[in-house]
Amino acid sequence: MKLENLAAVQTPETDVIGYLTWYSIGEHTVSREALRQKLINAGLEEKYLPNEIRPSDAFRRATKEVESSKKIENGQRNFLVREVYADKTMIQRNIVVEEVDQQGKRLWYDPAAATMFLEKEINHFSFSATSQETEVLAKEAERLFNIYRTTYPAQAVRVMVANIIKSMAATPVRPTGGVYFIPASHTDTLFKLVSFLNSLDKGEGFKVPLINTAENRGMVSKKLREHIENLLYQCRTGIEGEVRKGELKAIIEDARRVIGDYKEYKSLVTGDVAMLDGYVDSLKNHVAELLNRL
């Protein structure tokens, strides 16, 4: 489908069936308070905020990011991070040095080239190192921890925005994702979301209103049908194959959302109502079967 063939208007009019929207969020970090304030300023609810940042997650993320490799004479030296111990009070992770001697066909390990600890009660990062190389890495992990324990990465913001998009009865327009159709009934929330996205340091959001034409309504019908067909396929895979519980729950959640959103599309779809009604009924049956597998 070529987006340029769709009939769009530059300013909202009364006969708008919905909007095409897309966005991007570049790599950056943002504190919970700053993110909360940006949501409030845009008129969005705080319920969309990601979960509170857990120091243990920040510790694991920071230590994992210092894994690296370097070329050495006759081979390669790898710096790996492995978790050694964790309980309610502390976490221990070690930097493991692995040297690969390609000429001598030998492998050597130092399992505790650096030892890093998180004391959970006071959020204190400490370490000891046996070499300058691993001391540099441990110090970098400590620096990253102090950043990550108070800020969200871009991926957490992307997940949050994706959840807001889903709450607006969104239908993917491109097979690879990234562009969505939002029914006009969610105009207010969409405008707020775009405002929020454009307030991010490395974020931007766009919306293009679609007027009520046969071609635009046909596009909505086609994309909704394809989206439901894809969900039906996922449901059948979950029923017939070995799918992990977490994946099953995600399929059920998406299917339930589409079933609930379908009422907002019945007045927009053209020519496919009977077929789509049947698809939605099949989705309901598949969800019931999937629930029995949990």
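Colleague: Which residues in H8 are buried?

Modeller: Buried means under 20% relative accessible area, exposed over 50%, and partly exposed in between, with a 1.4 Å probe and protein chains only. In H8, the buried residues are Leu-276, Val-280, Leu-283, His-286, Val-287 and Leu-290. They cover an arc of only 125 degrees around the axis, which puts them on the same side of H8. The arc is that of the directions from the helix axis to the C-beta atoms. The exposed residues Ala-274, Asn-285 and Asn-292 sit on the face of H8 turned away from its buried side.

Colleague: Before we go on, what kind of model is this, and how is it numbered?

Modeller: It is a predicted model, where local features need pLDDT of at least 70, side-chain atom pairs count only at pLDDT 80 or more, and totals for chains, interfaces and linings use all residues. Residues are numbered from 1 along each chain as its sequence is written, and side-chain values use heavy atoms, with hydrogens and water left out.

Colleague: What span should H8 have?

Modeller: The expected span of a helix is 1.5 Å times one less than its number of residues. H8 has 21 residues, 273-293, and should span 30 Å; its end C-alpha atoms are 30 Å apart, which agrees. Now H7: its 17 residues should span 24 Å, and its end C-alpha atoms are 24 Å apart, which agrees.

Colleague: What covers the buried residues of H8?

Modeller: Think in contacts, meaning heavy atoms within 4.5 Å. The cover of H8 includes helix H6 (214-240) and helix H7 (245-261).

Colleague: How do H6 and H8 pack?

Modeller: Start with the axes. They are lines fitted to C-alpha atoms, for helices over the stretch in contact, and angles run from 0 to 180 degrees between N-to-C directions. Angles under 35 degrees count as roughly parallel, over 145 as roughly antiparallel, 65 to 115 as roughly perpendicular and the rest as oblique. The axes of H6 and H8 come within 10 Å and cross at roughly 25 degrees. H6 and H8 are therefore roughly parallel to each other. Among the residues that meet are Leu-224, Ile-228 and Cys-235 in H6, and Leu-276, Tyr-279 and His-286 in H8.

Colleague: At what angle do H7 and H8 pack?

Modeller: The angle is about 150 degrees, with the axes 10 Å apart. That makes H7 roughly antiparallel to H8. The contact includes Leu-248, Ile-251 and Ala-255 of H7, and Val-280, Leu-283 and Val-287 of H8.

Colleague: Which residues of H7 are buried?

Modeller: They are Leu-248, Ile-251, Ile-252, Ala-255, Arg-257, Val-258 and Asp-261. Their cover includes H4, H6 and H8.

Colleague: Where is Gly-241 found?

Modeller: Gly-241 is in the loop between H6 and H7. At 24% relative accessibility, Gly-241 counts as partly exposed. Leaving aside neighbours within four places in sequence, Gly-241 is in contact with Arg-236 and Arg-293.

Colleague: Let us turn to H4. Which of its residues are buried?

Modeller: Ala-154, Val-157, Met-160, Val-161, Ile-164 and Ile-165 are buried in H4. Seen down the axis of H4, its buried residues fall within an arc of 145 degrees, so they line one face of the helix. What covers them includes strand E1 (16-25), strand E10 (179-183) and helix H5 (187-199).

Colleague: Now the backbone. What is the general rule for phi?

Modeller: Most residues other than glycine have a negative phi. Asn-74 has a positive phi of about 75 degrees although it is not a glycine. Asn-74 lies in the loop between strand E3 (68-72) and strand E4 (75-86). Asn-123 has a positive phi of about 55 degrees, and it is not a glycine. Asn-123 is in the loop between strand E6 (106-119) and strand E7 (124-129).

Colleague: Are these two buried or partly exposed?

Modeller: Asn-74 counts as partly exposed, at 32% relative accessibility. Asn-123 is partly exposed too, with a relative accessible area of 27%.

Colleague: One last residue. Where is Thr-115?

Modeller: Thr-115 is in strand E6. It is buried, with a relative accessible area of 12%. Not counting residues up to four places away in sequence, Thr-115 touches Gln-92, Arg-93, Asn-94, Ser-126, Phe-127 and Ser-128.

Note on methods: Helix = DSSP H or I, 4+ residues; strand = E, 2+ residues; numbered from the N terminus.
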